[in-house]
Each structure stands twice: as C-alpha cells, then as structure tokens.
Amino acid sequence: MTDPEPVHHLAQVNIARLKYPLDSPQLKDFVDGLDPVNAVADASDGFVWRLQSDSGNATDIAFLGDAWLIVNMSVWRDADALTAFMYRGRHRELLARRRQWFERPGDAVTALWWVPAGHRPDVAEAEERLLHLRAHGPTPYAFTLRNSFPAQEGSEVSRSA
C-alpha cells in the first residue's frame, strides 16, 4: 500500500548578500558549486521544485529590489527532506564556507511556509513571507526550521493565523 499524496509541501526561501560580484575570482568556488549542488537537490528524496531562470539557477532573479541579494527558493515534501539535503554532502561543504562569500546577516534570511501540493511560489510570495517573519517572528504564516508549525488543513495559511 502506498502513502497518499501529501496535501501540503514545504516551501523555503533563503537569501544572501554577496560580498563580491558573482563573476569575481572571490566567488569562483561558490559559482562553480551551484550546478553540482542543484543537481543533488533535484535528485534528492522529497525534492519537489526549485526556482530557476534560464541559467539553471536563481542568481539572476531579483529579490527585494537589491542587486547584491541572491535568492534560493524550493519546495520539499517536508522538513525532514529539506534538512537531509541541507546538511549533507556538497551543500554542507558550501554552507560551511558561506562567510567567505556572503555578508553576515542582520535579519532573518530564511523563511519556510506550507503550500498546497502542486503550488509553486513566486518571488513576491517569498518576499512577503520573509518580511512577515522578520516583522512578527515565527508564525504559521512564515517560520523557521527551529520554530516550525504543522501544515494547516485547507488551503494556504493566512497572515492572521
């Protein structure tokens, strides 16, 4: 007997402010690691979707009107699947070096939220979720891995939840 299809999936957005231009020698290792890390994500158990442009990644997609911010957004079956990808292999290696390439954040740079299965969030939705998390802390509308909430029955969680 197979498990029923999930009603919700977990969306995540994370941003980083570059220390150097993407084409600089200082970011070569990071840029060279994008395609291999994205390939691992795409093949990971529980992976559903990721934001990408024609380049195959999302480094050229604007976020919050800031040219020095890069965005990563994806949808996963659940938090366990996302966590398994984040803290293993090549992604973990790049994550360990993030201070070489990105400024230290002053505000939250990662937000998670539940979406109906099949929904693909856009950048405006991700911006709204991240800004909501920054303003209100973790809520069912936008949360963190450390302070998460269960998926809500029905459709998308409203801000008032």
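A: Asp29, Gly33, Pro36 and Val37 in helix α1 meet Arg90, His91 and Leu94 in helix α3; contact here means heavy atoms within 4.5 Å. Sorted by class, this contact has three nonpolar, two polar and two charged residues. In that scheme Ala, Val, Leu, Ile, Met, Phe, Trp, Tyr, Cys and Pro count as nonpolar, Asp, Glu, Lys and Arg as charged, and the others, Gly among them, as polar. The model is predicted: local features need pLDDT of at least 70 and side-chain atom pairs count only at pLDDT 80 or more, while totals for chains, interfaces and linings use all residues. Residues are numbered from 1 along each chain as its sequence is written, and side-chain values use heavy atoms, with hydrogens and water left out.

Helix α1 covers residues 28-43, and helix α3 covers residues 89-96. Helices (H or I, at least four residues) and strands (E, at least two) are DSSP runs, numbered from the N terminus. The axes of α1 and α3 come within 10 Å and cross at roughly 155°. Axes are lines fitted to C-alpha atoms, for helices over the stretch in contact, and angles run from 0 to 180 degrees between N-to-C directions. The two helices α1 and α3 are therefore roughly antiparallel to each other. On that scale, angles under 35 degrees count as roughly parallel, over 145 as roughly antiparallel, 65 to 115 as roughly perpendicular and the rest as oblique. The crossing of α1 and α3 is left-handed, that is, the near helix is turned anticlockwise from the far one by less than a right angle; clockwise would be right-handed.

Ala39 is found in α1 and is partly exposed, with a relative accessible area of 44%. Buried means under 20% relative accessible area, exposed over 50%, and partly exposed in between, with a 1.4 Å probe and protein chains only. The C-alpha atoms of Ala39 and Ile15 are separated by 19 Å, and these residues are 24 apart along the chain. Glu93 lies in α3 and, at 49% relative accessibility, counts as partly exposed. Between the C-alpha atoms of Glu93 and Tyr20, 73 residues apart along the chain, there are 20 Å.

Helix α1 also lies across strands β2 and β3, running at about 140° to β2. These strands belong to an open sheet of four strands in the order β2-β3-β1-β4, with antiparallel pairing. Two strands pair if DSSP finds at least two bridges between them. The edge strands, each pairing on one side only, are β2 (47-50) and β4 (110-116). Neighbouring strands of this sheet are turned by 25° against each other on average, direction ignored.

The pairs can be taken in order from β2. Three bridges join β2 to β3, and Trp49 stands opposite Val75 in β3. The loop between β2 and β3 holds Leu64, whose phi is near 55°, a positive value in a residue other than glycine. At 30% relative accessibility, Leu64 counts as partly exposed. Strand β3 (residues 69-76) pairs with β1 (residues 8-17) in the antiparallel sense over eight bridges. In this pairing Arg17 stands opposite Leu69 in β3, and the bridge partner of Ile15 is Val71. Seven of the eight residues of β3 are buried, and the strand is mostly covered.

Beyond β1 comes β4, joined to β1 by seven bridges, the two strands running antiparallel. His8 stands opposite Pro116 in β4. Five of the seven residues of β4 are buried, so this strand is largely enclosed by the rest of the structure. Another helix, α5 (residues 123-136), lies across β1, β3 and β4 and runs at about 125° to β4. In the segment after α5 is Arg146, which counts as exposed at 78% relative accessibility. The C-alpha atoms of Arg146 and Asp66 are 80 residues apart along the chain and are separated by 27 Å.
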